[in-house]
Amino acid sequence: MTEVARPHPERRDDPEAPRWSRVVLWVRRLRGRQPLGLLLVVALLGLLLGVIVGRVSAPPPTADAARAIDAALLPLALDADGIWTSASDDREPVSEAFVRLRREDDPSLVIAHHEEWQRAYDAVLVQLAGLDMPVPARPVQRQFIAAVTLSRDAVEVLAHAATVEDAQERQDLLIEVGRLRHRSEQLTQSARASMLDLDGRRADVSPLPPLTTFQEGRS
């Protein structure tokens with residue numbers, strides 16, 4: 001009686017076997033047939049290990065976003081803040097004209113420079129919106145745009161206040177100028193806190209502080 005040959009154990013592919021055992025069996029086959037096959041397996045495993053290590057050790061995309069904000073957005077935000085706080089060769093700061101109108105009832109600086117301030121803010125806004133930022137940085141980019149826009153709105157209200165004759169109406173408009181500028185500063189601080197979050201440093205989240213009321217501003 002002829003004995004039926006059984007397949008060699010190493011050649012049997014059991015679909016129920018664990019995946020790792022099938023990989024070991026495949027490696028044994030390659031090693032038994034040709035040395036190049038084993039070298040190929042080693043090279044593939046090395047490549048796979050390199051990819052895994054690279055992904056683990058690579059900095060998170062949020063860190064790249066924080067660096068992009070620091071390099072591109074913050075300088076423009078500082079330029080916008082300088083329009084309000086710092087004098088330049090050809091114009092006075094908004095803050096100086098605001099104080100002079102509120103305390104001395106002198107609108108001359110506002111009338112002379114408000115168009116230059118608005119053009120300067122518009123130029124910064126165009127630059128802020130034109131930056132091609134990483135996706136995680138775009139919410140911070142929008143916050144800076146909103147903050148600068150609020151300061152520009154404050155200048156527009158200030159220019160209107162300079163033309164108003166009624167003392168009470170002018171005072172209310174100047175109160176609103178201060179409120180808009182205050183909100184702009186708060187939103188800028190929120191944007192900087194969001195940048196810290198992207199950089200891996202946790203910043204607090206809280207409601208924005210209240211603004212000066214009209215009753216407080218009139219006192």
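Trainee: Taking axes as lines fitted to C-alpha atoms, for helices over the stretch in contact, with angles running from 0 to 180 degrees between N-to-C directions, at what angle do helix α6 and helix α7 pack?

Mentor: Before the answer, note that this is a predicted model, in which local features need pLDDT of at least 70 and side-chain atom pairs count only at pLDDT 80 or more, while totals for chains, interfaces and linings use all residues. Residues are numbered from 1 along each chain as its sequence is written, and side-chain values use heavy atoms, with hydrogens and water left out. Helix α6 (residues 138-161) and helix α7 (residues 167-198) pack at about 170°, and their axes lie 8 Å apart. That makes α6 roughly antiparallel to α7, a label given to angles over 145 degrees, where under 35 would be roughly parallel, 65 to 115 roughly perpendicular and the rest oblique.

Trainee: And what hand does the crossing of α6 and α7 have?

Mentor: α6 passes α7 in a left-handed crossing, meaning that the near helix is turned anticlockwise from the far one by less than a right angle, clockwise being right-handed. The residues of this α6 and α7 contact comprise 18 nonpolar, seven polar and six charged, where Ala, Val, Leu, Ile, Met, Phe, Trp, Tyr, Cys and Pro count as nonpolar, Asp, Glu, Lys and Arg as charged, and the others, Gly among them, as polar.

Trainee: Stepping back, how many helices and strands does the protein have?

Mentor: The secondary structure comes to eight helices and zero strands, with helices (H or I, at least four residues) and strands (E, at least two) taken as DSSP runs and numbered from the N terminus. Of the contacts between residues at least 6 apart in sequence, 65% join residues at least 24 apart, a contact being heavy atoms within 4.5 Å.

Trainee: Back to α6, then: how do the axes of α5 and α6 cross?

Mentor: The axes of helix α5 (residues 108-130) and α6 cross at roughly 165° and come within 10 Å, and α5 and α6 are therefore roughly antiparallel to each other. α5 passes α6 in a left-handed crossing. Residues making the contact include Trp117, Tyr121 and Leu125 of α5, and Phe144, Val148 and Arg152 of α6. By class, the contact of α5 with α6 has 12 nonpolar, five polar and three charged residues.

Trainee: Is Arg152 buried or exposed?

Mentor: At 17% relative accessibility, Arg152 counts as buried, since buried means under 20% relative accessible area, exposed over 50% and partly exposed in between, with a 1.4 Å probe and protein chains only. Arg152 sits in helix α6 and, apart from residues up to four places away in sequence, touches Gln118, Tyr121, Asp122 and Leu125.

Trainee: What share of the protein's 219 residues is buried?

Mentor: Buried residues make up 32% of the 219.

Trainee: And which residues have the most contacts inside the largest nonpolar core?

Mentor: Ile69, Phe144 and Leu158 do, in a core of 42 residues, where a nonpolar core is a set of buried Ala, Val, Leu, Ile, Met, Phe, Trp, Tyr and Cys residues joined through side-chain atoms within 4.5 Å. At least two residues each come from α3 (61-85), α4 (94-104), α5, α6 and α7, and α3 gives the most to this core, with 11 residues. Phe144 touches, among others beyond four places in sequence, Ile69, Leu73, Leu128 and Ala191. In soluble globular proteins, nonpolar side chains tend to be buried together.

Trainee: Which residues does Gln186 contact, leaving aside neighbours within four places in sequence?

Mentor: Gln186 is in contact with Leu208, Pro209 and Leu211. Gln186 is placed in helix α7 and counts as buried at 8% relative accessibility, while its C-alpha atom is separated by 8.1 Å from that of Ala147, 39 residues apart along the chain.

Trainee: Changing topic, what phi does Asp105 have?

Mentor: Asp105 has a positive phi of about 60° although it is not a glycine, and Asp105 is found in the loop between α4 and α5. Most residues other than glycine have a negative phi.

Trainee: How do α4 and α5 pack?

Mentor: They pack at about 150°, with axes 9 Å apart, and α4 and α5 are therefore roughly antiparallel to each other. Among the residues that meet are Arg100 and Leu101 in α4, and Val110 and Trp117 in α5.
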